[in-house]
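Hi,

Here is the structure I said I'd pass along.

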Amino acid sequence: MVDTKKFAVKMLMGAIQYAAAQLAELDEGFKKKLTGIDTVIQWKVEPDGPNSYTVVKDSKIKGKMDAVHENPNFTITLTSVDVALDLFRAKLEVQKAIEEGKIKIDGDMQKAMNQMFILEDLAEYLGDLTSGG
Amino acid sequence: MSVKEILQTKVMLYIMGKGLEELSKVDEELQEEIEDFDAILQWKVGENLKMYLEISDGKITAHLDEEHDEPTVTFVVDDYAKAREILSGEVDGTSAYMSGDLKMEGDMQAGMRMGQLGELLQEALTDLLS
């Protein structure tokens, strides 16, 4: 039997990166905001995945599923499958989850915060879809 | 068509395509279902959105944003919102077909199999869709 929670996390993780890649092609405003950003974000879900990384470069976004990057700029660790599911379904207060240690970010925090708009813009487009409504 | 509509519909196509691809690697029930079933199941939404599932040798591969020249069956949905309802399972395929929102071109028999695949995916996605 399939681990449905992990399966859902994997699908959402992939879908969100796919959506980000598509948005960078479809929306000029979003594309412009990506100008100058050159970053690799590693996503990890504890204890054993799914893992993936996102490359933002040349105003394009590309996701790679089931992969660990050797030298990411940030690593975002989601400390359980439940935390990942809540995050991807926009049912988590991100700031609070970071304070409580449910989400761990390694790397340049300032840069991470500056690039948070990527997730915020995406949530605007996908919020009512991924929250299951 | 708004970017939001396009994006949301693309995401649903992604989840169906990649979901079945992923599931075909791990789910025995799905593996049994496609054991002797080789087909190209193509989806077209509106004018521009397309995706096809390549089913062969007991595996499913999703080809996003691609069109196949000789699909076994093609599912056509003109309306984006309707497509999302069908893809998410909110509206079941048979009733969508009856009402004309979902059209099928090609091998009907193969088309019916899509319904079974969709049901198995729905079960696996309970934590996502609930």
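**What I found**

Asp57(B) sits in the loop between strand 2 (49–56) and strand 3 (59–64) of chain B; helices (H or I, at least four residues) and strands (E, at least two) are DSSP runs, numbered from the N terminus. Its phi is near 50 degrees, a positive value in a residue other than glycine. Asp57(B) counts as exposed because it has 7 C-beta neighbours inside 10 Å (buried means 20 or more other C-beta atoms within 10 Å of a residue's own, exposed 12 or fewer, partly exposed in between, with C-beta atoms placed from the backbone).

Before going on: this is a predicted model, where local features need pLDDT of at least 70 and side-chain atom pairs count only at pLDDT 80 or more, while totals for chains, interfaces and linings use all residues. Residues are numbered from 1 along each chain as its sequence is written, with chains lettered from A and ligands numbered from 1 in the order in which they are written.

Asp65(B), in the loop between strand 3 and strand 4 (73–77) of chain B, also has a positive phi, near 55 degrees. With 13 C-beta neighbours inside 10 Å, Asp65(B) counts as partly exposed.

Over in chain A, check the loop between strand 1 (39–45) and strand 2 (52–57), where Pro47(A) is found. The peptide bond from Glu46(A) to Pro47(A) is cis, omega near 5 degrees. Pro50(A) lies in the loop between those strands too, and a cis bond joins Gly49(A) to Pro50(A), with omega about 5 degrees.

Cheers
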